[in-house]
Amino acid sequence: MIIKEAIEVLKIEAEGILGLTDRIDGNFSRMVELIFNSSGRVIVGGIGKSGIVGRKIVATLNSTGTRSIFLHPVEAMHGDLGMVCQDDIFLALSYSGETDELNILLSSICKIGCKVIAFTGNIHSTLAKHSDIVINVGVEKEACPLGLAPTASTTAMLAMGDALAVVLINKKHFKPSDFKKIHPGGILGRRLSSKVKDIMLTGEAVPGVFAGTSMEIAIDEINRLELGTTLVITKDKILTGIITDGDIRRIITKKKNIFELTVEDVMTKNPRTAGPDSPAYDALNIMEQYQITILPITDSIGKVEGILHLHDILGKGDFKFNGK
């Protein structure tokens, strides 16, 4: 019974989020453009559970390049309203749209000159009527069996905040190097602050075959380390090319017998590289720009010193390229 009930809660909350996909419309686009073009901050306000969700939305926006601050509606009416200026945008969170403490604040916000965006489950509410943009975060039902405790509704509101933050990431062309600048103390920040030579693979961990090698041997080398690639080098370890799983797939789709080919027939010549003393975030920017996950590391004359995988910088499964 316990497991069944827990699964049912997750299903209800998942359905609540999926239901929002039909609500992403012109209002969402207007919200994104308004925030993107603003020279001020996003001021987020809410009471109770909505306030907790608001603080999380603020944290996500700040960590992804959109300046934000949480404003408690009650404290705002007792002096904290002084932190708001007309260039700011007020994001009001109230599922019912009838939260007195929040709605009382709206007239003061409007007098300052802020535009108001509402996240609410009631598009006919007082909050909705006094907002410039209304985002419907309504759900069919709460996961709470009493229908009282905010559960699916707060999850949906939180998810809509994430959707806003992620769209703004792409709109602002926010890069991993930008992320590093404002996360200097985290694991990712420390990785991105490293030199390439501190995190690259070296020695036997670097897949490589000599020029003129058959593709059969090259494929064995790719399989040996399971990095999905092998470098093609001269006897002096000068890089001449790179072969990836993608290169092999492209040859196969052309109906060619890959085992009759040499590495020169398949490899990508003059691949992108980085130097061992390059900052990791520079290498990451190259990977992002060219949508590659492996970067050969060479010295000034092109001699291979190592290889860098996206996972070595970001951690397996921790990050994706912008918009991918």
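Lys and Arg count as positive here and Asp and Glu as negative, while His and the chain ends are not counted. The place of a charge is taken as NZ of Lys, CZ of Arg, CG of Asp or CD of Glu. On that basis, the mean positions of the chain's 36 positive and 38 negative charges sit 3 Å apart. The model is predicted, so to speak of local features takes pLDDT of at least 70 and side-chain atom pairs count only at pLDDT 80 or more, whereas totals for chains, interfaces and linings use all residues. Residues are numbered from 1 along each chain as its sequence is written, and side-chain values use heavy atoms, leaving out hydrogens and water.

As for overall shape, the C-alpha trace spans about 75 × 50 × 35 Å along its principal axes. Of the chain's 324 residues, 44% count as buried (under 20% relative accessible area, with a 1.4 Å probe and protein chains only).

Now to the inside. In soluble globular proteins, nonpolar side chains tend to be buried together. A nonpolar core is a set of buried Ala, Val, Leu, Ile, Met, Phe, Trp, Tyr and Cys residues joined through side-chain atoms within 4.5 Å. The largest one holds 30 residues, and M31, I35, L91, L93, I117, F119 and I135 touch the most other members. Its biggest share, seven residues, comes from α7 (helices are DSSP runs of H or I, at least four residues, numbered from the N terminus). Another core, of 15 residues, lies apart from it, with I43, L81, C114 and V116 among them.

How values were computed: Buried < 20%, exposed > 50% of the residue type's maximum accessible area, 1.4 Å probe, protein only. Helix = DSSP H or I, 4+ residues; strand = E, 2+ residues; numbered from the N terminus.
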